[in-house]
Amino acid sequence: MEYSAKQEKSIGKFGAIITCKCPNCRQGDMFQYSLLGNLPKFNKLHDTCPKCSYSFHPEPGFYYGAMYFSYGFNVAIMVSIFIIAQIFFQPTLIQLLIAVIVPTILFVPVNFRLSRALMLHLFGNLDATDRK
């Protein structure tokens, strides 16, 4: 089924970012594999949207800016865990380091995908028919 500009977008902008959908049609998946279905290939991005053929690579090096979003997500995870651990558990320094570092490492695939989706949705050039 081809995407037409007149089709109603099924989900909102926030939902499209969270589910890593195309910023143009909000229906096609940005990534080739599901996160839980094939974890070793979590970073494989489609070249274009399977539904509307929107390019997921606007320019060379575009996704370097996603590192800033990734950094922000990591800081939010670390600070949240640090505060919760300090308030409720009063851990030792080693326990605190483990409590902060392990979840940060476990969230790498999610963080990677959300950072790229956010970068593309905020700074990717949409078609002129989509801008209003």
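A residue is called buried when its relative accessible area is under 20%, exposed when that area is over 50%, and partly exposed in between (1.4 Å probe, protein chains only). This is a predicted model, in which local features need pLDDT of at least 70 and side-chain atom pairs count only at pLDDT 80 or more, while totals for chains, interfaces and linings use all residues. Residues are numbered from 1 along each chain as its sequence is written, and side-chain values use heavy atoms, without hydrogens and water.

**View 1. The whole chain.** The chain has four helices and zero strands, where helices (H or I, at least four residues) and strands (E, at least two) are DSSP runs numbered from the N terminus. Of its 132 residues, 33% are buried.

**View 2. Helix α4.** Helix α4 covers residues 108-123. Among the buried residues of α4 are P109, R113 and L120. Their cover includes α1 (13-18), α2 (66-88) and α3 (93-106).

**View 3. The largest nonpolar core.** A nonpolar core is a set of buried Ala, Val, Leu, Ile, Met, Phe, Trp, Tyr and Cys residues joined through side-chain atoms within 4.5 Å. The largest one has 18 residues, and those with the most contacts inside it include M30, F56 and L120. Helix α4 supplies the largest share of this core, four residues.

**View 4. The surroundings of F56.** Contact means heavy atoms within 4.5 Å. Leaving aside residues up to four places away in sequence, F56 touches residues including C22, M30, C49, Y63 and L120.

Definitions and conventions: The expected span of a helix is 1.5 Å times one less than its number of residues.
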